[in-house]
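Let's take a friendly walk through a protein model together.

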Amino acid sequence: MIYTNWMSYIKDDVKLTSLVIPGAHNAGSYGMSKMAECQKDNLFVQFEHGIRQFCLRLNTDRKGNIVLAHGITKGDLFENALKDIKKALEMYPDEFILFDVREYYPQKFGPVTLTYKADKDKVDSLLKKYLDPENNAFYDFEHISDVTVGDIRKSGKRFILINENEDYKFSKSCEQILPWEKDVNGAKAERFANETLRFFDDYKTDGLYWFQTQQTPNLGTEIGVTNPKRLDDDLINYFHIMIDGIASTPRYLERANIIAGDFMTRDYSKCRQILKLNLLKGNVKPELEKEYEKGLV
């Protein structure tokens, strides 16, 4: 299998915005309650399944520790997530990641707005301790659309620390979009899988295109309020509709970039389908195409 080192098969001249990258929606929600859990396994296991884009949302617990968060639900220590990433990057030196880190965004419920806080100095201290951004973060670029895989390789850097406000040292604000519509993302599995593909027509960017393959439970939608695992148990049967739709539509394939979802480690099927798109886009080194395809088993 090549899931642990698939990036080593990619050509140097491939732009980061053209590379097809498996991502983990709410990557840090493992171990949370059923209503908040979107991933089953920790970040190291996610990495070994091929995930290279991690979105981590932060809050603070009663003891003052920085923790992973999904809304009001608090999870594992941020420190443990960083240990996982450090381990992965040390074990697989040819790989790099997109590390999207910030406080969990404010949530408005009627007249009440909930805010979440994670002290920037504490976050910086933990990042420095485990990932050493000064030496390992790739940030010396003007626009993310100019960055190629070869640029990162030549720099010797290991990750891009993405934060829209550049709250952390050596973090970078990168243009990116995450299309979402309440009605579409709240639709039942089959309709969601078919209708979400039009986002590639309706939303465009020169930056990172973050295509979400998971539904969002909300009041007033077809799926209503339920837990992500129950949704994914149904959606897994229609996941191929989204990937096949991208593969068979040239303009969708051209824009395909970060493809994220829930429960990305339930097996290898999601990442396998996503990573095969790199072959269709011509992103894989020609002499390694057969080996790459064979490794996606």
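By class, three nonpolar, two polar and two charged residues line the largest cavity. Here Ala, Val, Leu, Ile, Met, Phe, Trp, Tyr, Cys and Pro count as nonpolar, Asp, Glu, Lys and Arg as charged, and the others, Gly among them, as polar. The lining residues are Gln214, Gln215, Pro228, Leu231, Asp232, Leu235 and Asp262. The volume of this largest cavity is about 30 Å³, and the count comes to one cavity of 30 Å³ or more.

You are looking at a predicted model, where local features need pLDDT of at least 70, side-chain atom pairs count only at pLDDT 80 or more, and totals for chains, interfaces and linings use all residues. Residues are numbered from 1 along each chain as its sequence is written, and side-chain values use heavy atoms, leaving out hydrogens and water.

Rolling a probe the size of a water molecule over the atoms shows where empty space is left. On a 1 Å grid over the protein atoms alone, a cavity is a set of points where a 1.4 Å probe fits but cannot get out, and a pocket is an open set with protein on both sides within 12 Å along at least five of seven lines; lining residues have an atom within 4 Å of a point. Grid points are joined across faces, edges and corners, and a volume is the space filled by probe spheres set on the points.

Now for the largest pocket: how much space lies in it? About 1200 Å³. Of the 41 residues that line this pocket, His70, Tyr104, Tyr105, Gln107 and Thr216 are the closest to its centre. Strand 6 gives the most to the lining, with three residues (strands are DSSP runs of E, at least two residues, and helices are runs of H or I, at least four, numbered from the N terminus). By class, the pocket lining has 19 nonpolar, 15 polar and seven charged residues.

Next, find helix 2 (residues 78–91) and helix 3 (residues 120–131), whose axes come within 9 Å and cross at roughly 25°. Axes are lines fitted to C-alpha atoms, for helices over the stretch in contact, and angles run from 0 to 180 degrees between N-to-C directions. Helix 2 and helix 3 are therefore roughly parallel to each other (angles under 35 degrees count as roughly parallel).

Helix 10 (residues 239–247) and helix 12 (residues 269–280) pack at about 5°, with their axes 10 Å apart.

Definitions and conventions: Parallel < 35°, antiparallel > 145°, perpendicular 65-115°, else oblique.
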